[in-house]
Amino acid sequence: MAQMTTETHSGSPHRKARTHRVSDSLPGETLITWLRDMLLIREFENRCAQAYQQAKIGGFCHLYTGQEAVAVGTIQSLERDDPIVTAYRDHGHALARGMDPGACMAEMFGKITGCAKGKGGSMHMFDKPNWLFGGHGIVGAQTPLGTGLAFAARYEWEVMGKPCPNPGVKPGDKPKKKVSLAYLGDGALNQGALHEAMNLAGLYSLPVIYVVENNGYSMGTAIERGTTMAHDLRKKADAYGIRGEIIDGFDVIDLYDDFKPLVDWCRENQRPAFVDLKTYRYLGHSMSDPQKYRTKEEVDQFKGKDSIDRLASQLMGERKGKDGKPILSEARFTEIQTEVKEAVRKAMDFAEESPTPDVEAELYSDVFINPQPNLSPTRDYIHGVKNPLL
Amino acid sequence: MTTTLEHPALPEPAILPDFTKPLPSREGDRIIQFREALREAMSEEMRKDSRIFLMGEEVAQYNGAYKISQGMLDEFGPLRIIDSPISENGFAGLAVGAAMYGLRPIIEFMSWSFSLVAADQILNNVPKMLYMSGGQWGCPVVFRGNDGAGGQLGSTHSWCVEGLYANVPGVKIVIPSNPYDAKGLLKTAIADPDPVFFLESERMLGDKAHVPPEEYYIPFGQAALLREGKDCTIVSFGRPVNFCLEADEALRAEGIECDVLDMRTIRPLDIDSIIASVKKTGRIVVVDQCWPFASVASEVVTQVIERAFDWLDHQPLRVNTEDVPTPYSKVLEAEYLPNPRKIAAAVRKTLAS
Ligand SMILES: Cc1ncc(C[n+]2csc(CCOP(=O)(O)OP(=O)(O)O)c2C)c(N)n1
Ligand SMILES: [Mg+2]
């Protein structure tokens, strides 16, 4: 079994010496929020695992533990109204985008208060107010969608001259230049959908960033067993005339320093980009994975580079405020940890106590926006039952 | 009287066409081709709504592989009439993302046969987006293109996808048989906030008929009763409707008079018109260009049996394409397809006692 190492699976060997760090101008409080978001995801996933073992969550459930810096660092590089779309390992993106943890957990519990009223499940988290255009279950299928989001965002200023009436858009608003993010796993590198999408994005000059959350494995297949040029995935982007970058996903501030300028560049130039974002998942692929394909030593090595530990120690150590003291005190850190635990406990309670969907109202609603008679031989569809998120 | 539709997935209320307005006459001398009728429908809607764009292979500079979009690039420019590379899954998925964001894409498949490489997007994402997002996002895309055999294109290029795709809840499926309907139905498809699969036939694109100059929208789920008769009900979809009319012509010479129903849409299916006719005639022949097993015809027959079993004087019959891959040779292909001879024979069979 080939071992992956923190040495080879990292962005640092490729990083240029920085003359300027965009993160330097970030207020300390912002970095503390990032830490809180990452802790929230970690705690949320821990409780998901428990709930899954108690059979409160069904189906497939893929946890984000270990990859928190990726969702938080990339999403923090965006504007609130930049659209994003991701695959099925999506709880982290949902929370980082601001989804209420209760709605996220309730979705997995199959409750009506879930973000998709219990019709999507763990792999299909959708949050319109937060511009999360889904969690998508089919490997690679979300990448053309991310391309289409960028197409529409470009079309809106270039052709329509006004923004589509999406959440937060007020009458009279001017359209702005946006960037869409399409997240994918390294396994999706081998799907045709991605390659068609990248070619289209290169051809039409669309502001989309394909963020490969390269955790080294697709289920049990190590990346080099399934993907050519795994040592330099940027070559794939090259082939489509797309700017390619390798970025380290183990240090959220470093990640931001690399990723934010890339977002700015895509926004400004309205061009696509592709990022090989090195990360690692600590847990199994899904909830039933004996993990025979990697060693415990390998996992431990990566846990030693944990992004949450790293950010916490930076904020409590070298990162100083105006007063010369570390931005984060031990006491405040403990406070945040307690607060996060409490938030997730509340989310669990909310999910637990929420009602299941009303079968009469929900089974046949949301199939058509404009249901008409005789669309189905067995029953009429129901029009417009409200989603609690909207 | 227009209706306004509100739905959590609609950022703004949708204004639906006025379906109470009587449709203009089919008679007249504004004779245009089927392809022109399609073009008029798209262009009229595009002039009204800047969210609409047309994307597909060869739609712009080449003026359309089948000249449906001829001249549209000149009128609307390259940002709205967009040539795509041969990446059906890619651009179908692009349309899904664009539609979720708020645009109204029209996607031309050169042939529905090529939609099979986009099956994941059009079957997994398009029909299910509204449901799996809990009603947050619909997917208002019109996918259109040539469907069905008849040009000696052989097995790979002759797909009738309706048999496969009608199985999936969440899309509306439209299948016109003539230029007049094609225009009115395509305009409705573009105006509808749900995804629509619009099935044309390369064999019919040159068909000519009167298409009225005034604007009209044909509602989904309303069959057209093209011939009236008391003896048997003939039900069909798309191009074979024309074969049914020929068969009816021949049968009338023998004194057999049929109701001929052009269903126009598969989902919704105007089963009420079928049942009303069957209650009159007691007999039904369903003519469908799909293969027979689990086909659109099977569905019609099932629904007729479920709803009008006691009115039937003969078991329902169906005329499908023969249950083999599509052959190339002209003689084989002609026998493979439903044709007036087979349809007339089936009608006679329902009447023989
Ligand atoms: C088209 C398709 N094939 C197979 C699967 C089953 N499957 C789900 S996840 C997965 C592995 C994908 O790995 P990767 O893209 O690296 O993402 P990660 O799980 O590492 O986040 C597979 C094979 C699927 N969902 N879709
Ligand atoms: Mg992976």
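This note reviews the metal site and the domain arrangement of chain A in a predicted model.

1. The magnesium ion (ligand 2) is held at 2.1 Å by three residues: A:Asp186 through OD, A:Asn215 through OD1 and A:Tyr217 through O. Along the sequence, these donor residues follow the spacing D-x28-N-x1-Y.

2. A:Asp186 sits in the loop between β3 (180-185) and α6 (192-204) of chain A, while A:Asn215 belongs to the loop between β4 (208-214) and β5 (217-218) of chain A, so the pair ties together parts that are 29 residues apart in sequence. Both A:Asp186 and A:Asn215 are buried.

3. According to the domain assignment, chain A holds domain 1 (12-321 + 329-355) and domain 2 (358-390). The contact between them draws 12 residues from domain 1 of chain A and 9 residues from domain 2 of chain A. The C-alpha centres of these two domains are 32 Å apart.

4. About 740 Å² is buried between domain 1 and domain 2 of chain A, and carbon and sulfur atoms give 59% of this area. On the side of domain 1 of chain A, the residues that lose the most area to domain 2 are A:Ile112, A:Lys117 and A:Lys119, which together make up 57% of what that side buries.

5. Charged and polar pairs also occur at this interface. Between domain 1 and domain 2 of chain A there are 4 salt bridges, and 7 residue pairs are in polar contact, counted with both residues at pLDDT 80 or more. A:Lys117 also forms a salt bridge through its side chain with that of A:Asp366, at 2.9 Å from N to O.

Terms used
Residues numbered from 1 in each chain as written. Chains lettered and ligands numbered in written order. Predicted model: local features only at pLDDT ≥ 70, side-chain atom pairs only at ≥ 80, totals over all residues. Heavy atoms only, no water. Donors = N, O, S within 2.8 Å, 3.2 Å for Na, K, Ca; no water. Helix = DSSP H or I, 4+ residues; strand = E, 2+ residues; numbered from the N terminus. Buried < 20%, exposed > 50% of the residue type's maximum accessible area, 1.4 Å probe, protein only. Domains from an automatic or database assignment. Contact = heavy atoms within 4.5 Å. Buried area = accessible area lost by both parts, 1.4 Å probe. Polar contact = N/O pair within 3.5 Å; in protein donor to acceptor, adjacent residues only side chain to side chain.
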